[in-house]
Amino acid sequence: MNAATRMAAIEPFHVMELMAKARALEAQGRSIIHMEVGEPDFPTPQPVIEAAQRFIAGGQVFYTHALGLPQLREAIAGFYATRYGVAVDPGRIVVTAGASGALLLALGALVSPGDEWLLSDPGYPCNRHFVRLLEGVPRAIAVDATTAYQPTAEKVGAGWTAKTRGLLVASPNNPTGTLIEPERMVSLWQAVKARGGTMIVDEIYHGLTYGTDARTALEISDDIIVVNSFSKYFGMTGWRLGWLVVPPGMVRDVEKLAQNLFISPSAPAQHAALAAFAPDTLSILDARRVEFRARRDLLLPGLRALGFRIDAEPQGAFYVYAGIGDLGKDSFALAGQLIEHAGVAATPGLDFGANTPDRHMRFAYTVAAEKLADGLARMERYFKA
Ligand SMILES: Cc1ncc(COP(=O)(O)O)c(C=O)c1O
């Protein structure tokens, strides 16, 4: 078999190796506290399960429109109106196989071979691999705590070349949980627009912000492309459903791609998601948000007390991006030691880019507070030993 040349540029998800190690230890009877997984531990909300059951019981499980069920596109538009006070034409909303499908469709419609795209580093690792798959060139914007681990208009200007076509950001971001303030979002858009580029904003962690409600980039301009998902706030990771909002002139290209790549998003998942915006579901989700906040407020001081350095506090998502300080020489080795000797799994920085990954780790607070407290206690015992 001759693998495509592009495969050389696609890296594995390094955390998988640690997860395999964690699983092997668990198979030997060891207990592991999982803080590596970026997936909420809450079950699918009951109204969503019931909607799916009703739909499947009818047996009419067929392909839907490639852009998604019209009533779900309407429901998503309704969510923008009620939650954000922003009017979005449902015709611009594309239902996708998770934010992953949304990113692939958006970039697939936009990236030509050799095009450069600016991405924050640290950032969500799959983004650079999507760009590479499409034979574009991901260009890292190194970010740190001085800009809340998010790009600025100045950094965009400095990184922009004749080949740059766009900027992709996430707010709140993974792995840092930091937000792009509304004024900064406007200045990023102005910087991109002034250069004739395209901006994609990944809003997958919206709904999971603590103390401040994130505003959608759609309120700035209809030309900004927005990605979102039912995975995180809606607690539906395994259903594989998300959405994309594109400018009117891009709908046809995305539709052609969606028809060819996916035919349609999952029908059961879409019918389930119709219940995701119901008031009883939203009240379940908002209670979970309160729980996530409590977990963050436990983990943050706990990690600091152990000697981790958190120089930009996460305002959203469910991650703490922590400098390892004097706790180890490199984060990959430290992650291995923590699994082996403390029974705590966390993700080393390596997965999130090339910007001092050896000095950082990501802790996910996707497990219950008692488990987080146990994880902190285990690490304390290990570091003191
Ligand atoms: C920033 C970001 N974007 C996109 C995704 C993909 O999510 P999904 O395809 O489950 O919607 C993730 C998953 O962790 C993420 O962290």
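Trainee: Why is Lys-371 called partly exposed?
Mentor: Its relative accessible area is 47%. Under 20% counts as buried, over 50% as exposed and in between as partly exposed (1.4 Å probe, protein chains only), so Lys-371 is partly exposed. This is a predicted model, in which local features need pLDDT of at least 70 and side-chain atom pairs pLDDT 80 or more, while totals for chains, interfaces and linings use all residues. Residues are numbered from 1 along each chain as its sequence is written, and side-chain values use heavy atoms, without hydrogens and water.

Trainee: What makes Thr-209 buried?
Mentor: A relative accessible area of 2% puts Thr-209 in the buried class. Thr-209 sits in the loop between strands S6 (198–202) and S7 (225–229); strands are DSSP runs of E, at least two residues, and helices runs of H or I, at least four, numbered from the N terminus. Beyond four places in sequence, the contacts (heavy atoms within 4.5 Å) of Thr-209 include Pro-172, Leu-179 and Arg-289.

Trainee: Why are H10 and H12 called roughly parallel?
Mentor: Their axes come within 10 Å and cross at roughly 5°. Axes are lines fitted to C-alpha atoms over the stretch in contact, with angles from 0 to 180 degrees between N-to-C directions. Under 35 degrees counts as roughly parallel, over 145 as roughly antiparallel, 65 to 115 as roughly perpendicular and the rest as oblique; therefore H10 and H12 are roughly parallel.

Trainee: Which residues of H10 and H12 meet?
Mentor: Among them are Leu-298, Leu-299 and Leu-303 in H10, and Leu-372, Leu-376 and Phe-383 in H12.
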